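Subject: Structure handover

Hello,

The structure is below, followed by notes on what was found in it. Please read the notes with the coordinates open.

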Number of protein chains: 2
Amino acid sequence: MGRPGKFTEDRILDAAMAITAEEGPAAATMAAIAGRLGAPTGSLYHRFASRDLLMAALWLRGVRRFQHGVIEALAAGDVEAAALHTPRWCRDHLAEAATVLLHRRELVARWPGELAGELEGVNTGLWAAFDACAARLPVVGRERLVFAVVDLPYGAVRRHLLAGQPPPPLVDELVARACRAVLDPVPEEAATGSRVRGG
Amino acid sequence: MGRPGKFTEDRILDAAMAITAEEGPAAATMAAIAGRLGAPTGSLYHRFASRDLLMAALWLRGVRRFQHGVIEALAAGDVEAAALHTPRWCRDHLAEAATVLLHRRELVARWPGELAGELEGVNTGLWAAFDACAARLPVVGRERLVFAVVDLPYGAVRRHLLAGQPPPPLVDELVARACRAVLDPVPEEAATGSRVRGG
DNA sequence: CCCTTTTTAGATGATAGATTCTAGAAGCAA
DNA sequence: TTGCTTCTAGAATCTATCATCTAAAAAGGG
C-alpha cells in the first residue's frame with residue numbers, strides 16, 4: 001500500500017469534538033479543526049468529503065458510544081441502571097457527552113443523504129430497546145420509561161455539562177430517587193402525605 | 001409629538017420569537033423578522049440598534065415573564081408549585097417557552113454590554129428566591145431544590161418543546177412525583193424496597 | 001526503483017446577512 | 001393650514017467568514 005495515514009478519521013473527529021465541547025459546534029470550522037490538529041485543511045477533505053459529513057460522523061460516533069450502555073441496561077431490564085448511565089457516562093466522557101447531548105441540533109444542520117441509513121439505524125436501535133423493556137413492565141407505560149431514562153437524566157446533567165463540569169455524585173442519587181418514584185406503581189395518595197412545603 | 005409607531009418593540013420581538021420557536025434562532029435574521037412583520041429592515045433598526053440588542057431584548061422579555069411564576073411560588077414556599085410552573089407555562093406560552101428554554105445560548109451569542117445590568121438583575125432575582133426558599137427547608141439543601149425546580153421540569157418539557165408540542169398532562173404528574181421524591185427526607189432504604197426491575 | 005496513498009499550503013469564490021443611507025410619509029399641535 | 005417630529009421604505013453596500021479545490025511533494029510498501 002501507499003503512505004500510511006497521519007491524521008486518521010478518529011483523530012480528526014477528536015479534534016472536532018474538543019472544539020465543539022469547548023466553544024460549540026459553530027466554532028468547529030474546518031480551519032479550526034485542522035489548526036487544532038496541526039494539519040492543513042486539505043487533510044480533512046481527504047477523509048471527509050464535506051464538513052457536513054464530518055460533523056455527522058462525529059455525532060454518529062458519539063451517539064453510538066453513548067447509547068451502548070443505555071441499550072444494554074434496558075435489555076437487562078434494569079431501568080435504574082439505564083437512567084444512571086447518563087451521569088456516569090458524562091463523568092467518563094465529558095467532552096463527548098457535551099458534544100452529543102448539548103448540541104444535537106446545531107451539530108449537523110442538514111443531515112447528509114448518504115448517512116440516512118445510519119441515522120435510521122441509530123434511532124430504531126434505541127426505540128426497540130425501549131419497546132422491549134416497556135413490554136416487560138406493562139404497568140409502567142412507555143412514556144414513563146422514556147421520561148425516567150432519557151428526560152430525567154438529561155435534565156439532571158445538562159447544567160453541569162454547560163458549565164464544563166462532570167456531574168457531581170449527588171446527581172446520581174437524585175436521578176435514582178426520581179426514577180424510582182416515577183416508575184413505582186404506588187398510588188398518588190401515599191405520596192401526597194409527604195408533600196414538601198416550607199414556611 | 002410626531003407620528004405614532006407602527007411596528008412597536010413588542011411586535012418586532014413577537015415576530016422574532018415566532019421564527020425562533022419554529023426554526024431556531026439562526027433563522028431569525030433581520031430580513032426574516034422584517035419579512036414576517038411585513039416591514040422593511042430599516043424599521044427594525046429604528047427600534048433596535050443592532051441584531052444583538054434585539055435578540056437580547058427578546059431573551060430578557062421571555063425570561064422575566066417565565067421567572068415570575070417560579071419566583072412567586074418559591075416565595076410562597078411551595079416547591080411543587082414552582083416545579084410545576086414550567087410545564088404549565090409551556091402550555092400557555094408555547095412559542096415563548098421554546099425560545100427561552102431551548103435556545104438560551106445561540107440566541108444571544110455575545111451579550112451586549114449595554115444590557116449587562118439587566119442580565120445581572122435577572123440572575124440575582126432568581127438566586128435570591130432560591131436562597132430564601134432553601135433557608136426555609138434546611139434539610140433539603142440548595143442543590144436539591146434547584147434540581148427539583150429547574151433541572152427536572154426542564155428535562156420533562158424539553159422533548160415536547162423540540163417537537164413543537166405542549167407538554168401532555170402526564171408530564172405534570174411525573175414532575176410532581178419526582179419532585180416530592182427528591183425533596184422527601186425519607187431515608188434511602190425505604191425506597192429501595194420498591195426498586196423497579198423487569199424480567 | 002516504481003507506484004499508491006497521504007500530506008501540504010494557499011488560492012478562490014461564494015454566500016449570507018448585518019448594517020446604512022436617503023427620501024418620503026404620516027400624525028399631532030398651534 | 002403649516003411646520004415639526006417621528007416613523008417607514010427599501011434598495012445598496014460591505015464585510016467577514018468559511019467551505020472547498022488544486023497541484024505538487026513526500027513517504028512507505030513491494
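Of the 199 residues in chain A, 36% count as buried (20 or more other C-beta atoms within 10 Å of the residue's own; 12 or fewer is exposed, in between is partly exposed, and C-beta atoms are placed from the backbone). This is a predicted model, in which local features need pLDDT of at least 70 and side-chain atom pairs count only at pLDDT 80 or more, while totals for chains, interfaces and linings use all residues. Residues are numbered from 1 along each chain as its sequence is written, and chains are lettered from A and ligands numbered from 1 in the order in which they are written.

Chain A overall

Chain A has 11 helices and 0 strands (DSSP runs numbered from the N terminus: H or I of at least four residues for helices, E of at least two for strands). Its C-alpha atoms fill a box of roughly 70 × 40 × 30 Å along the principal axes. Among contacts between residues at least 6 apart in sequence, 69% join residues at least 24 apart; a contact here means C-beta atoms, placed from the backbone, within 7 Å.

Packing around H9(A)

Helix H9 of chain A covers residues 142-162. For the angles below, axes are lines fitted to C-alpha atoms, for helices over the stretch in contact, and angles run from 0 to 180 degrees between N-to-C directions. Under 35 degrees counts as roughly parallel, over 145 as roughly antiparallel, 65 to 115 as roughly perpendicular and the rest as oblique. A crossing is left-handed if the near helix is turned anticlockwise from the far one by less than a right angle, and right-handed if clockwise.

- H6(A), residues 94-102: its axis comes within 10 Å of that of H9(A), crossing at roughly 120°, so the two helices are oblique. The crossing is left-handed. Ala97, Ala98, Leu101 and Leu102 of chain A in H6(A) meet A:Tyr154, A:Leu161 and A:Leu162 in H9(A). These residues comprise 7 nonpolar, no polar and no charged (nonpolar: Ala, Val, Leu, Ile, Met, Phe, Trp, Tyr, Cys and Pro; charged: Asp, Glu, Lys and Arg; polar: the others, Gly among them).
- H8(A), residues 116-136: its axis and that of H9(A) come within 9 Å and cross at roughly 120°, so this pair is oblique. H8(A) passes H9(A) in a right-handed crossing. A:Phe130, A:Cys133 and A:Ala134 of H8(A) touch A:Arg142, A:Leu145 and A:Val146 of H9(A), giving 5 nonpolar, no polar and 1 charged.
- H10(A), residues 169-183: its axis is 10 Å from that of H9(A), at an angle of about 155°, which means the pair is roughly antiparallel. The crossing is right-handed. The contact includes A:Phe147 and A:Leu152 of H9(A) and A:Leu174 and A:Val182 of H10(A), and its residues divide into 13 nonpolar, no polar and 1 charged.

A:Pro168 sits in the loop between H9 and H10 of chain A. It counts as partly exposed because it has 13 C-beta neighbours inside 10 Å.

DNA strand D

H3(B) gives the most, with 4 residues.

Regards

Key. Contact = placed C-beta atoms within 7 Å.
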